[in-house]
Amino acid sequence: MSAVPTDESERRSGPLLQHLARRMRLRSESVLAPLGLRPRHLVALTVLRDSGGISQQGLAATLQIDGTNVVGLLNDLEADDLVERRRSPEDRRRHVVSLTEVGTTRLREAECALAGAEEEVLGALEPGERDLLYELLRRASQGRSSSCAEVVSADGPDAC
């Protein structure tokens, strides 16, 4: 197998995406902290809002985290009155988690703060370019990935 070309004209998106993601993560963390939130809290609150309430197990599956970690996450959110857990009327062994009014308000505040952070990080792009970037990232995140070996076998040794 041939080495990866080192042609300076060749462009790789990975390092740029990593840099941009790091800038966005750091800026997001800084605007969420005054609200008492971390990015993982925001994701959970968003899932709860969009689902209208979900079981703890369902939340763990959606977030793709261990059930024990979901309990810790919900403990954090419940301590700040952002979520509430109630026994399911259909199955008393299950807890259904939903946003409180305080949680809904805090989520809106966080989304506004994040919009400002995104404005700072992506400020060099015009609104249409941001829309295009969003659409491209959304599509890329849902697409099937191919390994370099698969591409080489399909397109020849100079494909990567």
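The following conversation goes through a predicted model and asks what stands behind the words used to describe it.

Colleague: How many helices and strands does the protein have, and what pattern do they follow along the sequence?

Modeller: The protein has 7 helices and 3 strands, and reading along the sequence gives the pattern α-α-β-α-α-β-β-α-α-α. Of the 160 residues in the protein, 26% are buried, and among contacts with a separation of 6 or more, 50% are between residues 24 or more positions apart.

Colleague: Which residues make the contact of α2 with α3, and what classes do they belong to?

Modeller: On the side of α2 the contact is made by Val-43, Ala-44, Val-47 and Leu-48, and on the side of α3 by Leu-59, Thr-62 and Leu-63. Sorted by class, this contact has 6 nonpolar residues, 1 polar residue and no charged residues.

Colleague: What describes the packing of α1 with α5?

Modeller: Helix α1, residues 14-32, packs with helix α5, residues 101-121, at an angle of about 140°, with the axes 9 Å apart, and their crossing is right-handed. From α1 the contact draws on residues including Leu-20, Arg-23, Met-24 and Arg-27, while α5 contributes, among them, Ala-110, Ala-113, Glu-118 and Glu-120. By class, the contact of α1 with α5 has 9 nonpolar, 1 polar and 4 charged residues.

Colleague: Why do β1 and β2 count as edges of the sheet?

Modeller: The 3 strands form an open sheet in the order β1-β3-β2, and the pairing is antiparallel. Both β1, at 54-55, and β2, at 83-87, have a single partner strand, so one side of each is left without a neighbour in the sheet, and this places them at the edges.

Colleague: How do you know that β1 and β3 are paired?

Modeller: Pairing requires at least two bridges between the strands, and 2 bridges join β1 to β3, residues 95-99, with the two strands running antiparallel. Within this pairing, Ser-55 has Val-96 of β3 as its bridge partner.

Colleague: Why is His-41 called buried?

Modeller: His-41, which lies in helix α2, has a relative accessible area of 6%, and buried means under 20%, so His-41 is buried. Leaving aside neighbours within four places in sequence, His-41 is in contact with Gly-36, Leu-73, Asp-76 and Leu-77.

Colleague: Is Leu-137 buried, partly exposed or exposed, and where does it lie?

Modeller: Leu-137 lies in helix α6, residues 127-142, and at 38% relative accessibility Leu-137 counts as partly exposed. Leu-137 and Leu-17 are 120 residues apart in sequence and 9.9 Å apart in space, C-alpha to C-alpha.

Colleague: Why is Gln-64 called exposed?

Modeller: Gln-64 has a relative accessibility of 73%, and exposed means over 50%, so Gln-64 counts as exposed. Gln-64 is found in the loop between α3 and α4, and although it is not a glycine, it has a positive phi of about 55°.

Colleague: Where is Asp-81 found, and what makes Asp-81 partly exposed?

Modeller: Asp-81 is in the loop between α4 and β2, and its relative accessible area is 41%; as exposed would need a value over 50% and buried one under 20%, Asp-81 is therefore partly exposed. Asp-81, which is not a glycine, has a positive phi of about 60°.

Conventions. Residues numbered from 1 in each chain as written. Predicted model: local features only at pLDDT ≥ 70, side-chain atom pairs only at ≥ 80, totals over all residues. Heavy atoms only, no water. Contact = heavy atoms within 4.5 Å. Helix = DSSP H or I, 4+ residues; strand = E, 2+ residues; numbered from the N terminus. Nonpolar A, V, L, I, M, F, W, Y, C, P; charged D, E, K, R; others polar. Buried < 20%, exposed > 50% of the residue type's maximum accessible area, 1.4 Å probe, protein only. Axes fitted to C-alpha atoms, helices over the stretch in contact; angles between N-to-C directions. Left-handed = near helix turned anticlockwise from the far one by under 90°.
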